Amino acid sequence: MISHHGLLGALTTVLKDDFERKSGMAAESFGKFQWELEKHIFGEEAILFKLCKKENLEDCQLVIELEKGHTAMLKMLENIKNGSVTNAWAEDIDRFQKFHSKHMEREEKELYPKLDFELSAAEKEEVISKINEILIKKY
Ligand SMILES: [Fe+2]
Ligand SMILES: [Fe+2]
């Protein structure tokens, strides 16, 4: 998931750059980023967050807050899209990027280490295999 965060971070930078330059690629970059983020969110909610709730891990409040963050980010993207992708304000993307960075940082510093500590080796293997089914590109 951390390496996918790297990809998402790189895609938001490309996206911001395309918007700022008013590049004809902005709509395509936006669509690509939105799809990657949707897959990432699906993987986290369907696998990691569920696991956290099932295992009744101490800090479910964290998962609830992260889920709210997902909803907010998807809404922000929809709002940008509805304002017409190519004319969206660079500030909207900037605001989104800052929110998204903080969200990823929280997952990397608080959620992932917790799961790493709590799950058995077999559980981790199962989680990794499921996540790979969602996030790995197949050509
Ligand atoms: Fe997330
Ligand atoms: Fe994430």
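Me: Which residues of α1 are buried?
Reply: Keep in mind that this is a predicted model. In α1 the buried ones are T12, L15, D18 and F19.

Me: How are they arranged around the helix axis?
Reply: Looking down the axis of α1, its buried residues fall within an arc of 125 degrees, so they line one face of the helix.

Me: And what's on the face turned away from that buried side?
Reply: Exposed residues: I2, S3, G6, A10, T13 and E20.

Me: What span should α1 have, and how far apart are its ends?
Reply: α1 has 19 residues, which at 1.5 Å a residue should span 27 Å, and the end C-alpha atoms are 27 Å apart, so the two agree.

Me: What about the backbone just after α1?
Reply: K22 sits there with a positive phi of about 50 degrees.

Me: Switching to the inside. What makes up the largest nonpolar core?
Reply: Ten residues, among them L15, F19, F30, L77 and F96. The elements giving two or more residues are α1 (2-20), α2 (26-54), α3 (60-82) and α4 (90-118). Of these, α2 gives the most, with four. There's also a second, separate core of six residues, including L48, F49, V63 and L66.

Me: Back to F96. Where is it, and why does it count as buried?
Reply: F96 is in helix α4. It counts as buried because it has 22 C-beta neighbours inside 10 Å, and the cut-off is 20 or more.

Me: Which residues is F96 in contact with, beyond its sequence neighbours?
Reply: Leaving out those within four places in sequence, M76, L77 and I80.

Terms used:
Residues are numbered from 1 along each chain as its sequence is written. Chains are lettered from A and ligands numbered from 1 in the order in which they are written. This is a predicted model: local features need pLDDT of at least 70, side-chain atom pairs count only at pLDDT 80 or more; totals for chains, interfaces and linings use all residues. A nonpolar core is a set of buried Ala, Val, Leu, Ile, Met, Phe, Trp, Tyr and Cys residues joined through C-beta atoms within 7 Å. A residue is buried if 20 or more other C-beta atoms lie within 10 Å of its own, exposed if 12 or fewer, and partly exposed in between; C-beta atoms are placed from the backbone. Two residues are in contact if their C-beta atoms, placed from the backbone, lie within 7 Å. The expected span of a helix is 1.5 Å times one less than its number of residues. The arc is that of the directions from the helix axis to the C-beta atoms.
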